[in-house]
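Open the model in your viewer and keep the selection panel at hand.

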Amino acid sequence: MSEYFDALETRDPERRERDLMAALPGAVARAVSSAPAVARQLQGVDPWAVRGREALAQLPVLRKHELLEAQQSARAPGAGAAPTLQRVFGGFSTIGWGQSLRVFASPGPIYEPESARPDYWRFARALYAAGFRAGELAYNCFSYHFTPAGSMMETAAHAVGCTVFPGGTGQTEQQVRAMHDLAPSGYTGTPSFLKIILEKADEMGVPLLSVRRALVSGEAFPPSLRDWLRARGIDGYQAYGSADLGMIAFETPAREGLVLGEDILVEIVRPGTGIPVPDGEVGEVVVTTLNPDYPLVRFGTGDLSAVLPGRSPCGRTNTRIKGWMGRADQTTKVRGLFVHPPQVADIVSRHPEIRRARLVVSGAAGSDVLHLRVEADAWPPGLAEKIAGSVRDVTKLRAEVEHVRQGDLPNDGKVIEDARSYE
């Protein structure tokens, strides 16, 4: 039996890139013609000219709050009797009732459709890499109501060939008894809930010996918890995705980062901008899907990550990322005014000498001190004063400007650091 879900996972990387770039213009054109919100996002753009990553990087990034605002605006009083696609999904979906098998709501609420296409959310690769195989029972403890998490794993398990028990969340004692009776080989859900179930089983004196693998998501999966599960004979793997996009990346037996999914385009951009960063530098994860039912072009996840160099030792050839490394939204209030990452990007763009910059807010509460730490190729006389002027123009705040050596700024994706003391 193959250790890979399909041959796409071991494609030559250049072939994969050619395939993705060949599909990109048609996917963008289809989205513009059938999803009014995407047409508004890309107004003035020739979709058929988006033939490579450089062209893709010129398109505006769609932020999650914009998706929410579009949906709320379509349902607002006075919006009129809009069609279902516009009223419910804000114009981002191309399918409505009847074509959608299900509709979900993630916090906001933001409503997402699910169509009848097999493995709609694309998590089957993650399950397969975690060891799930046809003919097994997967015990699914993701929620089945409101959010799509339960359906994400169920549809993926069906694509692999597994039967699914929809355990859902809560009712720990019942979970223990059902798991003991059914003897599933694998678990899907949050890692913390699996630990709760196993501890409850110990308390009840009920042995749960059948579970040998787990695919977890939805929260951090620290090495300490992974090792705790392993000591009980359970190999846990993590997957990274979102309710808007489905699966983005997944862990493999190599245990070296997360491998990207096959049918998406992922960029790592400087927070507050749409500008891709060099491989290895931490930035925001931006995803373009090729999903014809719910097309999202350059969707900013708000999550931080970085590309890992080289190929995975597991044999999969797609790009790897480090996994979730925090949030990109670093908006901070300083002296009564909000400062946003795009403002830092605006300051940097005004001075070509600047490579990277980091705005540091320090001091005790009520006495904020602002420093802009700058990596620059050159530091001619008067540059600090010019940059300080740009800070005042953009943020309406005064800041000290500090020139630092290249490489002195941490590679953590932060452009705003709140180092104030709140004690």
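A crossing is called left-handed if the near helix is turned anticlockwise from the far one by less than a right angle, and right-handed if clockwise. Keep that in mind for two of the stops below. The model is predicted.

**Stop 1: α9 and α10**

Select residues 191-204, helix α9, and residues 223-231, helix α10. Their axes come within 11 Å and cross at roughly 40°. That angle makes α9 oblique to α10. Which hand does the crossing of α9 and α10 have? It is left-handed.

Now show side chains. From α9, pick Pro191, Ser192, Leu194, Lys195, Leu198 and Glu199. They meet Leu225, Trp228 and Leu229 of α10. Sorted by class, this contact between α9 and α10 has 6 nonpolar, 1 polar and 2 charged residues.

**Stop 2: the largest pocket**

The space inside is about 1000 Å³.

Which element provides the largest share of the lining of the largest pocket? Strand β8 does, with 5 residues. Colour the lining by class and you get 17 nonpolar, 10 polar and 8 charged residues.

**Stop 3: the second largest pocket**

Move on to Arg53, Val266, Asp279, Val307 and Thr319. Of the 26 residues lining the second largest pocket, these lie nearest its centre. β11 gives the most, with 5 residues.

The second largest pocket holds about 560 Å³ of space. Its lining divides into 13 nonpolar, 5 polar and 8 charged residues.

**Stop 4: α11 and α12**

Finish with another helix pair. Select residues 341-349 for α11 and 383-395 for α12. The two pack at an angle of about 140°, and their axes are 9 Å apart. The crossing of α11 and α12 is right-handed.

Show side chains once more. Gln343, Asp346 and Ile347 of α11 meet Ile387, Ser390, Val391, Val394 and Thr395 of α12. By class, the contact of α11 with α12 comprises 4 nonpolar, 3 polar and 1 charged.

Key. Residues numbered from 1 in each chain as written. Predicted model: local features only at pLDDT ≥ 70, side-chain atom pairs only at ≥ 80, totals over all residues. Heavy atoms only, no water. Axes fitted to C-alpha atoms, helices over the stretch in contact; angles between N-to-C directions. Helix = DSSP H or I, 4+ residues; strand = E, 2+ residues; numbered from the N terminus. Parallel < 35°, antiparallel > 145°, perpendicular 65-115°, else oblique. Contact = heavy atoms within 4.5 Å. Nonpolar A, V, L, I, M, F, W, Y, C, P; charged D, E, K, R; others polar. 1 Å grid on protein atoms, 1.4 Å probe; cavity = no way out; pocket = protein on both sides within 12 Å on 5 of 7 lines; lining within 4 Å. Points joined across faces, edges and corners; volume = space filled by probe spheres on them.
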